Amino acid sequence: MSLELSVIIPTHNPRREYLARTLEALAAQTLNRESWELVVVDNKSEDIGYRISDVVRGSGVKGLSDVENASVRIVREEKLGLTHARVRGFQEAQGEIVVMVDDDNVLKPDYLERAVEIQGKYRDWE
């Protein structure tokens, strides 16, 4: 199955509890887990007392707890700034659709499924 969607979370020194809630909301998505990937872009985070990968592993998100999984990647962007982080995310994304999610956003459970539905309605629209 090909990837329909890439979720990109650019983050710089994230608050652990906010990032965890964002990941928990992704865990509750109704879109088939095999059809989307997660790319977390660590935008030159400093020593924040924990590793972002530990938050991802500890999130309890099915398929997200193993950051070695091909559908979950944490990449580092050394150029500080949201634009640099987003560009890096686009470079890494493999899905047909890209959804940007801030590290403190909590998506409704059907958010990704609805994004795919909307894209499908307008796929051939010119």
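1. A charge is taken to sit over a ring if NZ of Lys or CZ of Arg is within 6 Å of the ring centre and within 35 degrees of the ring normal. In this predicted model, the charged end of arginine 15 lies over the ring of tyrosine 18, 4.4 Å from its centre. The charged end of arginine 33 sits over the ring of tryptophan 36, at 4.1 Å from the centre.

2. On the basis of the model: it is predicted, local features need pLDDT of at least 70, side-chain atom pairs count only at pLDDT 80 or more, and totals for chains, interfaces and linings use all residues. Residues are numbered from 1 along each chain as its sequence is written, and side-chain values use heavy atoms, with hydrogens and water left out.

3. Strands β1 and β4 run parallel and are joined by four bridges (strands are DSSP E runs of at least two residues, helices H or I runs of at least four, numbered from the N terminus; two strands pair if DSSP finds at least two bridges between them). Valine 7 stands opposite valine 99 of β4.

4. Buried means under 20% relative accessible area, with a 1.4 Å probe and protein chains only.

5. Threonine 11 belongs to strand β1 (residues 5-11). This threonine 11 counts as buried because its relative accessibility is 3%. Beyond residues up to four places away in sequence, threonine 11 touches, among others, Val40, Ile52 and Asp103 (contact: heavy atoms within 4.5 Å).

Technical notes. Buried < 20%, exposed > 50% of the residue type's maximum accessible area, 1.4 Å probe, protein only.
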